Structures are given as C-alpha cells and as structure tokens.
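Here's a fold to walk through, question by question. Have a look at it first, then we'll dig in.

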Amino acid sequence: MTTLTSIPPSSHPATPEPAVVADKRRQRNILLATCTALMAVMASVSGLNVAQQELAIDLGASQNAILWIINGYTVALAALLMPVGAIGDRWGRKHVLLAGLAVFVVASLAAGLATTTAMMIAARVLAGVGAAMIMPVTLSVITSSFADEDRAQAIGVWAGVAGSGGLVGLFAASFMVDVLTWRWLFAIPAVLVLYSAYMTVRHIPNSVEHSEHPFDVVGSLFSMLAIGGLVLGIHEGPEQGWTAPITLGSIAIGIIGSIAFVAWERRHVDPLLDVRVFRNRALSGGAVTLMALFAVMFGIFLVLFPFMQAVIGWSALRSAVALLPMAFVMMPTSAVLSPKVTDRLGTRNAMLLGATTAGIGLMTLALRASVDGGYGSILPGLLIIGLGMGLTMTPATAAITETLPEDKQGVASALNDTTRELGGAIGVALLGSILTTRYESSIDPHLEGIPEQFAEPAREGIGSAFGVASTTPEYGPAIIEAAKDAFVDGWVQSMWIGVGLVAVAIVHLAVNGPRRADAVAPAPVLAD
C-alpha cells in the first residue's frame with residue numbers, strides 16, 4: 001500500500017505542502033526548472049558528436065576512446081533510469097533532482113578541465129549518472145505536481161524540450177567548436193543546471209511516496225544489466241562489428257538481464273515495474289510509438305549532419321542551424337497543438353495522425369534527396385517530420401505516465417525515457433549500418449579506373465573519400481563526385497528503412513492501440 005504526500009521545503013511538519021500545485025505562476029516556474037535541467041541533459045547527449053576530431057587531437061584519444069567518451073554517458077544514463085526513477089518516488093523527487101543536478105555540474109566542470117582521455121571518460125560516465133537522476137524525475141515532478149486539467153500541456157512542453165534538445169545541443173556545440181574551443185561545450189549545460197537548481201529549491205514541491213515494502217534492489221540490478229547491456233551492444237555493433245566480443249557479450253548480458261528482470265518482477269511483492277502493465281494498450285502503444293519515432297529522429301541526425309557538411313559543403317555551425325527549423329516546428333506543436341488534438345481525437349488517433357505525418361516527412365526526404373538539390377530538397381521533409389514528432393510525443397508520453405499509479409510516476413517517467421534511449425540507439429545503429437552498407441556498394445561502380453590506393457580509402461566513408469581526394473588532383477574530383485552520389489544513395493535507403501520503422505508503429509497503433517478508456521484510466525492492479 002502506498003500513499004502520496006509532499007515534504008514541505010521548511011522543516012515544519014504540521015503544515016505539509018500539497019503535491020499538486022494550483023498557482024499558475026508557480027506551475028510556470030516548475031516547468032522552467034524541470035525543462036531547463038532536461039535541456040542540459042539532452043544537449044549533452046548530442047553535443048560531443050560535433051567535437052570528435054578536436055577531442056582526438058587535444059587528448060590524444062583513439063577512435064575507440066572517442067566512442068567510449070560518447071557511449072559512456074549514454075550507457076550510464078540508460079542503465080540507471082529505472083532504479084533512479086523509483087528512488088525518486090520513495091526518497092523525494094526534489095531531493096533526487098537536486099542531487100542529480102549537483103553530480104551533473106561537477107561532471108561537466110571535470111569534463112571541461114580534463115587533460116587525459118581517462119579523465120574525460122570518467123567525467124562523462126559521471127555526467128550520465130547525474131543525467132539519470134535528472135531526466136525521469138523532471139517528468140515525474142510534472143505529472144505529480146500538475147492537476148489533470150493542466151497536466152497535458154505541461155507534458156507537451158516537456159516532450160517538446162526532450163525532442164528538440166538534441167538539435168539545440170548540436171547547434172550550441174557547433175558554435176562552441178567553431179568559435180571558441182571544445183572545452184566550452186560543457187559551460188552551457190553547467191549554467192543551465194545551476195539555474196535549474198536555483199528554481200528547484202525555490203519552487204518545486206518534494207512529493208514522495210511511502211510504501212510498506214522494501215526497495216526492489218534485485219530488480220534494479222537486473223534492469224541495469226538489461227538496459228545497459230542492450231544499449232552498449234547496439235552502440236558498439238556498427239563500430240566494432242556485430243560479431244565482436246564486446247558487442248555479442250553486451251547483447252547477451254542485456255538479454256539475460258531482461259529475462260531475469262521479467263522473472264523476478266513477476267514474483268516480487270512490490271516490483272520496480274510490474275511487467276504485466278504492458279498488457280495495457282495505452283502504455284504499450286505509447287512505448288512502441290516513441291521507440292520508433294526516436295529511432296528515426298536520432299538516425300536522421302546521424303545521416304543529415306554529414307550530408308550538409310560533405311555533400312552541400314557547409315560548416316558544422318551552419319549545418320546545425322539548418323536543423324533548427326525542425327525544432328521550431330516540433331516544440332510549439334508538442335506544447336500547444338498536440339494537447340488540443342489529443343483532447344479532440346483521443347490518444348490513439350492523435351498518435352496515428354502524428355506518426356503518419358512523420359512517415360510522410362521521411363518519404364519526402366527520401367523522394368526529394370539529391371546531390372544537386374541542396375538544402376531546399378530536405379527542408380520540407382524536416383518541417384513535416386517536426387510536425388509529426390510534435391503531434392505524437394505528447395500523447396505517447398502521457399499514455400505511458402497516466403497508465404501507472406501515482407506512487408510509480410518516477411518509474412513511469414523512467415520507462416518513457418528508457419524507451420526513447422533504446423529507440424535512439426536502435427535508430428543510430430540500424431540507419432547508420434544501412435547507410436554504410438549502401439555507400440560501400442554504391443561507390444564501387446564509380447571508382448572504375450581509379451588506382452586502388454585511392455579507391456580503397458574512398459570505400460570506407462565519405463570523410464575518408466574527401467581526405468584521399470585532397471591528395472590526388474588527378475583523381476580527386478571523380479572521387480568526391482562518386483562519394484557524394486554514393487552517400488545520397490545510402491541516405492535514401494536509410495530513410496526508407498525509417499519509413500518502415502514508422503509503419504510498424506502505425507500498424508501497431510491501428511491494430512492494438514489504446515482506446516479512449518485505456519488512455520485515461522490507470523492500468524489495473526494485477527494480483528499475484
């Protein structure tokens with residue numbers, strides 16, 4: 001049995017502060033606190049991708065070390081989301097959020113001052129730990145602090161920031177790398193976190209749940225192994241090879257951890273996550289939809305950035321600016337339009353509309369892409385995808401959080417975040433592998449007559465092709481043209497795979513999606 005209470009900011013026990021906040025001004029301040037922290041976390045996920053070359057030079061880091069700098073953050077974040085979300089429910093969401101903000105700012109400062117690869121990897125793993133303490137708690141604070149009539153729009157704002165934060169991070173990182181140095185990448189997240197901490201102390205109530213049963217430590221460990229192993233394996237597959245020991249070992253640990261987690265949770269008296277709630281159409285529909293759409297979105301970031309740099313010839317900063325229109329459409333759609341559409345059409349139909357719109361955007365990218373088309377060939381697709389993502393994220397997020405009880409909102413938020421992280425990892429691995437495979441097969445016919453010493457590096461990727469082209473004036477123009485054509489071929493193929501992923505979500509929603517009752521009623525308590 002659990003009960004919802006709120007710990008007052010003062011030590012006066014006689015006048016506990018209500019968990020639900022009615023004052024509109026304070027609601028806005030809660031949104032500012034939570035969404036600022038979320039922006040810092042999301043920006044840190046994508047920001048370092050822009051600075052890989054600078055990190056390699058300044059720290060003397062190998063390509064494998066660079067991958068660990070990037071993946072260490074992601075794996076720590078994904079592995080800890082579920083247990084930390086549950087800890088927030090039990091020990092106080094405000095306390096866990098403040099602790100996470102403190103860890104994150106220390107880690108950001110350590111990363112900005114790092115002088116060795118080992119220091120940087122350690123700082124990024126620590127930042128991932130802090131991010132895991134921040135990300136699920138920000139959403140559970142919103143779901144527990146806002147009344148029913150205000151919650152949908154608040155979730156929409158949160159979802160918009162979660163969806164567009166990576167784009168903003170790319171822009172900020174590109175600006176820092178081009179204008180200042182890579183070390184300034186960590187300054188903006190640190191400032192955002194400090195501001196969020198100030199707003200959290202002043203405005204966020206410390207809602208906490210009380211339970212008769214002890215914390216599910218074993219389930220937490222199994223969830224860490226399951227999610228951490230799967231995410232690490234999916235990240236390492238495209239780089240190390242799908243048969244590499246680290247890839248196979250990580251995926252095996254993830255699968256074994258998942259099986260153990262399900263078996264344990266089905267028998268535990270107060271499980272971290274009762275896996276039987278996935279029978280609920282709203283929860284499963286929201287999870288499948290978010291996973292597919294975030295797979296596509298992260299995959300788009302992966303392929304569009306090099307397209308604009310290598311094919312169009314833009315700088316990193318200009319390429320990041322070119323992606324911002326997608327965020328400019330996504331954020332207001334998620335915060336303002338999506339709650340109204342969901343209220344009118346219902347959760348299932350709103351998600352169907354959004355997913356279908358995103359799929360149309362992907363098809364627009366695939367059909368219009370060309371070497372000579374430039375930015376104008378991709379802008380319409382980006383805008384349509386931003387609209388579709390914005391329409392979908394709010395009802396999908398609400399479908400997950402509203403089907404779990406109040407005392408499990410931290411877990412519900414962590415489940416929502418884990419779904420996004422898994423989707424992003426799958427998208428990068430799948431679309432990246434398709435792009436690489438298609439590039440290699442497409443460039444070969446264009447390299448006939450080019451000496452093997454130049455052709456072989458060109459097959460490795462468009463970056464290598466441009467590098468070797470600069471060393472041979474005779475064959476350079478032909479190599480560059482071949483690389484551009486092959487890259488666009490691979491990009492088009494990956495976009496069609498993305499369309500297929502979205503189609504899977506659409507079919508799932510159409511056949512097994514939530515009905516209106518599923519979307520508004522909590523999942524039933526399932527007896528053992």
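Q: Beyond its neighbours within four places in sequence, which residues is threonine 419 in contact with?
A: This is a predicted model, where local features need pLDDT of at least 70, side-chain atom pairs count only at pLDDT 80 or more, and totals for chains, interfaces and linings use all residues. Residues are numbered from 1 along each chain as its sequence is written, and side-chain values use heavy atoms, with hydrogens and water left out. Contact here means heavy atoms within 4.5 Å. On that basis, the partners of threonine 419 are Ala287, Leu290 and Met291.

Q: Is threonine 419 buried or exposed?
A: Threonine 419 sits in helix 14, residues 409–443; helices are DSSP runs of H or I with at least four residues, strands are runs of E with at least two, and both are numbered from the N terminus. Buried means under 20% relative accessible area, exposed over 50%, and partly exposed in between, using a 1.4 Å probe and protein chains only. Because its relative accessible area is 4%, threonine 419 is buried.

Q: Which residues does serine 319 touch, not counting those up to four places away in sequence?
A: Serine 319 belongs to helix 11. At 0% relative accessibility, it counts as buried. The residues that serine 319 touches are Phe305, Met308, Gln309 and Trp314.

Q: How do helix 6 and helix 11 run, roughly parallel or roughly antiparallel to each other?
A: Axes are lines fitted to C-alpha atoms, for helices over the stretch in contact, and angles run from 0 to 180 degrees between N-to-C directions. Helix 6 (residues 148–179) and helix 11 (residues 316–345) pack at about 170 degrees, their axes 8 Å apart. Under 35 degrees counts as roughly parallel, over 145 as roughly antiparallel, 65 to 115 as roughly perpendicular and the rest as oblique. So helix 6 and helix 11 are roughly antiparallel.

Q: By class, what residues make up the contact of helix 5 with helix 6?
A: Helix 5 (residues 117–145) packs on helix 6 at an angle of about 160 degrees, with the axes 9 Å apart. Met135, Thr138, Leu139, Ile142 and Thr143 in helix 5 meet Arg151, Ala154, Ile155 and Trp158 in helix 6. For the classes, Ala, Val, Leu, Ile, Met, Phe, Trp, Tyr, Cys and Pro are nonpolar, Asp, Glu, Lys and Arg are charged, and the others, Gly among them, are polar. The contact of helix 5 with helix 6 comes out as six nonpolar, two polar and one charged.

Q: How are helix 11 and helix 12 set relative to each other, oblique or roughly antiparallel?
A: The axes of helix 11 and helix 12 (residues 347–368) come within 7 Å and cross at roughly 130 degrees. That's why helix 11 and helix 12 count as oblique.

Q: What distance separates the C-alpha atoms of glycine 476 and alanine 465?
A: Glycine 476 is in helix 17, residues 476–512, and with a relative accessible area of 3% it is buried. Along the chain, glycine 476 and alanine 465 are 11 residues apart, and their C-alpha atoms are separated by 8.8 Å.

Q: What share of the residues of the chain counts as buried?
A: The chain holds 18 helices and two strands. Of its 528 residues, the buried share is 57%.
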